[in-house]
Amino acid sequence: MLFDFEDTNLKILEEKVRSEESLSFDDGVTLWNSFDLLGVGYLANIVRERMHSSDTYFIHNRHINHTNICVNSCQFCAFGVNEDNPSAYTKSLDEIFSDAEKYKNGRVSEFHIVGGLHPDLPFQYYLDMISGLKERFPDVHIQAFTAVELEYLAGIAKMPLKDTLIELRDAGLGSIPGGGAEIFAKRVRKKICSEKTNAQDWLDVHETVHSVGMKSNATMLYGHVENADERTDHLIRLRELQNKTNGFLTFIPLAFHPENTNLSFLQGTSGQLDLRALAVSRLMLDNFPHVKAFWIMITPQIAQVSLSFGTNDMDGTVVEEKIIHAAGGATGQIFHKNVIADMIVEAGRMPIERDTLYEQTHKYMV
Ligand code: V47
């Protein structure tokens, strides 16, 4: 099929994309800056269809945010608060188990657990959370704790990260979510999350996760003070680690939501930037199996359109989402899986309900 590129720079990139050559730093910057969004999407769709044809994944999952108390105060975050804040909460283990219990008969296949860096909870709380969930729901995969939380938990446990991970894995932890990466560039981290795990530490945590046989995801927070060079650098650093370990499953670009944050003077992201972020990620991360459109972040409508802009995954049912909703997220928090499947079909794609490791769990007739 011939595509009529408005931007001739993209025509040159098409040859590289078709011959499966990795794109360079300069190519990445070209993609972020091109005025030809449809051209960028067309290129990303070539990769998406080569890897997955029309297959589009989603999962019956439930997010759990166990505490919003956090010792860090990232400028972009409206979720984390200190202990004295009236909105501070920490779920007891019984509360977590009873939240999870509500889904016992719903064939939920994944619990996705992230929270703040709590100053007082002992390591045993996290071990008991994971082993208690596993005991009650042996068939449910537990994806929990970002690299930032894991580094913090190792500090609390007073153990090397690898041993901490092994204890959590033996308690039932299955894989690691992609949060906490933000943008790797020092200039940006200094502005938006100066106290947080530095970029190399984030990458090292994931390398250690992969070394103990667990898979993980990766993210990039975009649409705040970062520039095209910094986004490209972020993607290339992830691609390099993936070349080394092959332990990443999915990349999820996270659209910055400004409300109630210290960066609330910034605008939220546009549909144009959301689609571009997904497409450029698909093109630069040619060694990542999956690129996910997290509908909570970008609206179900943009997520659906993005299935022709490089994405092959729509996350899932979610149920409870506090991080983006604290920052003005305007979508609901729950989607019935038949609605997700219908949206995928309407976009001309094939819905596949999956588990965390992308094994098919349910066949939809279309
Ligand atoms: O780590 C915090 C980000 C992340 C804001 O692995 C914000 O499958 C936008 O990582 N605006 C948590 N983003 C969510 C996350 C995630 C979500 C869905 C799927 C997966 C996965 C991972 O949310 C945080 C931080 O990077 N975040 N505040 C905000 N105002």
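Guide: Buried means under 20% relative accessible area, exposed means over 50%, and partly exposed is in between. Keep that in hand. The model here is predicted.

Visitor: Is Met 350 buried, partly exposed or exposed?

Guide: Met 350 counts as partly exposed, because its relative accessibility is 31%. Met 350 sits in strand β10, residues 350–354.

Visitor: Which residues form a nonpolar patch on the surface with Met 350?

Guide: Val 345 and Val 366 do. Together with Met 350 they have about 250 Å² of accessible area.

Visitor: Now a helix. Which residues of α14 are buried?

Guide: Helix α14 covers residues 337–346. Its buried residues are Lys 337, Ile 340, Ala 341, Met 343 and Ile 344. They lie on the same side of α14, because they cover an arc of only 160 degrees around the axis.

Visitor: What does the face turned away from the buried side carry?

Guide: That face of α14 carries the exposed residues Asp 342 and Glu 346.

Visitor: What covers the buried residues of α14?

Guide: The cover includes strands β1 (55–59), β9 (313–316) and β10, along with helix α12 (295–305). You met β10 already, as the strand that holds Met 350.

Visitor: Which residue with a positive phi follows α14?

Guide: Gly 348 does, with phi near 80 degrees.

Visitor: Let us turn to single residues. Is His 210 buried or exposed?

Guide: Apply the cut-off: buried is under 20%. His 210 has a relative accessible area of 11%, so it is buried. His 210 belongs to helix α9, residues 199–211.

Visitor: What does His 210 touch?

Guide: Leave out residues up to four places away in sequence. Then His 210 touches Ser 216, Thr 245, Gly 247 and Phe 248.

Visitor: Where does Asn 260 lie?

Guide: Asn 260 is in the loop between β7 (248–255) and α11 (271–284). Its relative accessibility is 56%, so Asn 260 counts as exposed.

Visitor: How many residues separate Asn 260 and Ala 326 in sequence?

Guide: They are 66 residues apart in sequence, but 7.2 Å apart in space, C-alpha to C-alpha. A polar atom of the Asn 260 side chain lies 2.8 Å from the backbone oxygen of Ala 326. Setting aside neighbours within four places in sequence, Asn 260 is also in contact with Ala 78.

Visitor: How many salt bridges does a search of the whole structure find?

Guide: It finds 15. Take the pair Lys 16 and Asp 27, whose side chains meet at 2.6 Å, N to O. Lys 16 lies in helix α1 (residues 8–18) and Asp 27 in helix α2 (residues 25–33), so the pair ties together parts 11 residues apart in sequence.

Visitor: Which residue forms a salt bridge with Arg 50?

Guide: Glu 20 does, with the closest N and O atoms 3.5 Å apart. Arg 50 lies in helix α3 (residues 37–52) and Glu 20 in the loop between α1 and α2, so this pair ties together parts 30 residues apart in sequence. Arg 50 is partly exposed at 37%, whereas Glu 20 is exposed at 54%.

Visitor: What about Glu 207 and Lys 244?

Guide: Their side chains meet in a salt bridge at 3.2 Å, N to O. The pair links distant parts of the chain, 37 residues apart: Glu 207 is in helix α9 and Lys 244 in helix α10 (residues 228–245).

Notes: Residues numbered from 1 in each chain as written. Predicted model: local features only at pLDDT ≥ 70, side-chain atom pairs only at ≥ 80, totals over all residues. Heavy atoms only, no water. Helix = DSSP H or I, 4+ residues; strand = E, 2+ residues; numbered from the N terminus. Buried < 20%, exposed > 50% of the residue type's maximum accessible area, 1.4 Å probe, protein only. Contact = heavy atoms within 4.5 Å. Patch = residues over 30% accessible without salt bridge, like charges linked within 9 Å, V, L, I, M, F, W, Y side chains within 5 Å. Areas by Shrake-Rupley, 256 points an atom, 1.4 Å probe, with all protein chains shown as cover. Salt bridge = Lys/Arg side-chain N within 4 Å of Asp/Glu carboxyl O. Arc of directions from axis to C-beta. Polar contact = N/O pair within 3.5 Å; in protein donor to acceptor, adjacent residues only side chain to side chain.
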